[in-house]
Amino acid sequence: MDPTEKPAAVQEEDVAQKPLSKGAVDMSAFAAAQGTSLESFAHLDENRILRKMDLRLIPMLALLYLLSFLDRGNIGNAKIEGLQEDLGMTDDEYNWCLTAFFFTYAAFEVPSNLLLKKLKPSRWLPTIMVAWGVVMTLMGIVQSFSGLLAARIFLGVTEAGLFPGVAYYLTMWYTRDEIQFRQALFFSAASVAGAFSGLLAFAIGKMDGVGGLEGWRWIFILEGIATVLVAVFAFFLLYDFPETASFLTEEERAFVVFRLKYQGQHLANKRTVPSSEEGSPVARPRVAQAEEFKWEYVWQAFRDWQIWVNIFVYWGIVCPLYGISLFLPTIIRTLGYTSSTAQLMTVPIYITAAILAVIIAWISDKVGKRSPFIIGFLFMMLVGFSMCIATDNPRVVYGGVFIAACAIYPAFPGVITWLANNLAGSYKRSVGMAIQIGVGNLGGAMASNFYRQKDSPRYILGHALELAFIGAGIIASLILVFGYSAINKKRQRRIDEGALNKYTTDELSAKGDKALTFRYIH
């Protein structure tokens with residue numbers, strides 16, 4: 001610490017609270033000004049601003065992810081419409097086509113998130129959409145295993161940036177006590193995609209023979225064309241960052257920026273903190289989140305223990321997620337139902353799961369807790385897959401899958417939000433979320449090989465592997481809860497001992513979530 005610099009706890013001692021001037025020109029600069037506080041924006045209606053943001057952001061993002069999940073998972077629907085037989089693929093070759101997608105998908109997520117921050121989201125996200133829409137359309141004309149494998153590899157490259165990009169993008173608009181509800185609204189599109197995929201595949205499958213093409217080819221072609229068309233509209237309908245949002249006034253933009261800049265600080269609402277001099281409390285520090293790019297923030301993400309532990313929680317949720325999305329129609333069909341009936345029986349599962357995801361996310365944001373819901377749903381998944389592995393009764397297996405899906409879909413936005421809440425600094429959060437989702441989605445590569453055709457119809461190995469990953473997720477969740485709790489208590493003790501006075505606000509800002517003033521959510 002520079003001896004000429006005041007410690008964080010006294011840097012703002014002499015700064016007066018200033019009312020917001022309506023004639024202010026640079027509202028983002030005002031948000032960062034020392035004298036600005038939440039009281040400066042007291043005349044603004046926060047709920048009205050959030051509604052404006054929700055209406056402008058969430059519908060388009062949900063549509064983008066719906067198409068992404070639809071294009072990624074429709075190979076499961078194509079399979080039961082005859083893809084594997086028409087291309088003459090073995091069961092292992094089909095599973096390789098599923099698996100290959102996730103290797104490139106995982107590899108390109110961190111670079112994509114860094115580019116999203118550097119480039120405009122309104123340009124980057126639609127561009128990768130056009131790319132994967134073209135790849136998806138071309139999947140409809142493949143003639144062999146090698147052609148399908150190559151298409152799936154390129155689909156992983158082009159789709160890699162969307163989910164981690166949008167998950168991170170939302171954290172640049174919403175604070176950590178309101179983000180899970182928005183993540184759930186966005187992610188529930190995946191549930192709807194599951195339902196829609198079944199309905200769409202049922203309808204498109206009837207096009208078998210049209211244009212001399214099999215029905216499964218039309219699934220890829222039509223859904224790929226739809227993706228490209230939506231991407232064109234997205235170029236004009238997506239917004240970049242709050243600082244440039246045209247639908248907000250300058251005052252509202254400054255308010256949104258201010259909320260994001262100073263979130264996550266334990267002392268944010270306290271006027272004073274203990275001084276190292278007994279009986280002499282001083283003004284509380286105001287620590288902004290670091291927004292500038294430094295390679296150090298990237299390496300901090302790779303070295304952060306919580307990200308790697310969280311990945312095991314992520315695997316405990318994403319392995320069952322992909323297991324269900326890729327194999328649910330096949331599992332239901334092997335229970336004795338026709339292909340058409342199997343497609344339709346997936347619909348109520350996904351719709352129910354989507355509704356639950358949104359309701360639970362709203363409650364989680366209100367109570368400010370993440371782990372109780374995530375751990376609870378992991379145990380609910382244990383029940384569902386245990387029902388599947390215990391019997392060959394079609395009704396019980398269907399019920400088990402139903403229960404598992406209704407736990408997976410609410411838990412997934414929870415685990416994404418939990419890590420995002422506990423990463424401070426824009427670029428560290430960008431990289432950390434990409435690592436979580438990228439490495440975490442290797443679970444999809446594993447899940448692609450859980451349900452082997454030779455294990456049909458019971459799929460005992462597949463269900464057992466899902467149970468093992470769920471168990472690992474529970475253990476990792478408990479490690480995070482106890483770890484976060486211990487760190488929070490230790491930081492409070494150090495503040496009570498006056499350690500805060502040793503740091504400037506700039507030093508605390510650079511530390512991000514490792515700063516004494518930052519508190520982990522669990």
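Author: Start with a cut-off: buried means under 20% relative accessible area, exposed means over 50%, and partly exposed lies in between. Arg 48, at 42%, therefore counts as partly exposed. Keep in mind that this is a predicted model.

Across the whole structure, a search finds twelve salt bridges. Take Arg 48 first. Its partner is Glu 252, and the closest N and O atoms are 3.2 Å apart. Arg 48 sits in helix α3 (residues 46-80) and Glu 252 in helix α12 (residues 250-261), so the pair ties together parts that are 204 residues apart in sequence. The two ends differ in cover. Glu 252 has a relative accessible area of 5%, so Glu 252 is buried. Arg 48 is partly exposed.

Now move to Asp 304. Which side chains meet Asp 304 in salt bridges? One is Lys 428, with the closest N and O atoms 2.8 Å apart. Lys 428 belongs to helix α19 (residues 426-440), while Asp 304 is in the loop between α13 (295-303) and α14 (305-334), so this pair ties together parts 124 residues apart in sequence. Lys 428 and Asp 304 are each buried.

The other is Lys 514, at 3.1 Å from N to O. This pair also links distant parts of the chain. Asp 304 is in the loop between α13 and α14, and Lys 514 is in the segment after α22 (505-511), 210 residues away. Is each end buried or partly exposed? Asp 304 has a relative accessible area of 1%, so Asp 304 is buried. Lys 514, at 37%, counts as partly exposed. Shared partners extend the picture. Asp 304, Lys 428, Asp 513 and Lys 514 are joined into one network by their salt bridges.

Next, charge on the surface. Lys 489, Lys 490, Arg 493, Arg 494, Lys 502 and Lys 511 gather there in a patch of positive charge. Helix α21 (residues 460-496) gives the most to this patch, with four residues. Arg 494 lies in α21.

Val 192, Ile 351, Ile 355, Ile 359, Trp 362, Ile 363 and Val 367 form it on the surface, and together they have about 590 Å² of accessible area. Helix α16 provides the largest share, six residues. Val 192 comes from helix α10 (residues 179-204). Val 192 is partly exposed, with a relative accessible area of 34%.

Just after α16 comes Gly 368, with a positive phi of about 70°.

Methods
Residues are numbered from 1 along each chain as its sequence is written. This is a predicted model: local features need pLDDT of at least 70, side-chain atom pairs count only at pLDDT 80 or more; totals for chains, interfaces and linings use all residues. Side-chain values use heavy atoms; hydrogens and water are left out. Patches are made of residues with over 30% relative accessible area and no salt bridge: like charges are joined within 9 Å, nonpolar side chains (Val, Leu, Ile, Met, Phe, Trp, Tyr) within 5 Å. Accessible areas come from the Shrake-Rupley method with a 1.4 Å probe; for residues, only the protein chains shown count as cover. A salt bridge is a side-chain nitrogen of Lys or Arg within 4 Å of a carboxyl oxygen of Asp or Glu. Lys and Arg count as positive and Asp and Glu as negative; His and the chain ends are not counted. The place of a charge is taken as NZ of Lys, CZ of Arg, CG of Asp or CD of Glu. Helices (H or I, at least four residues) and strands (E, at least two) are DSSP runs, numbered from the N terminus. Buried means under 20% relative accessible area, exposed over 50%, partly exposed in between (1.4 Å probe, protein chains only).
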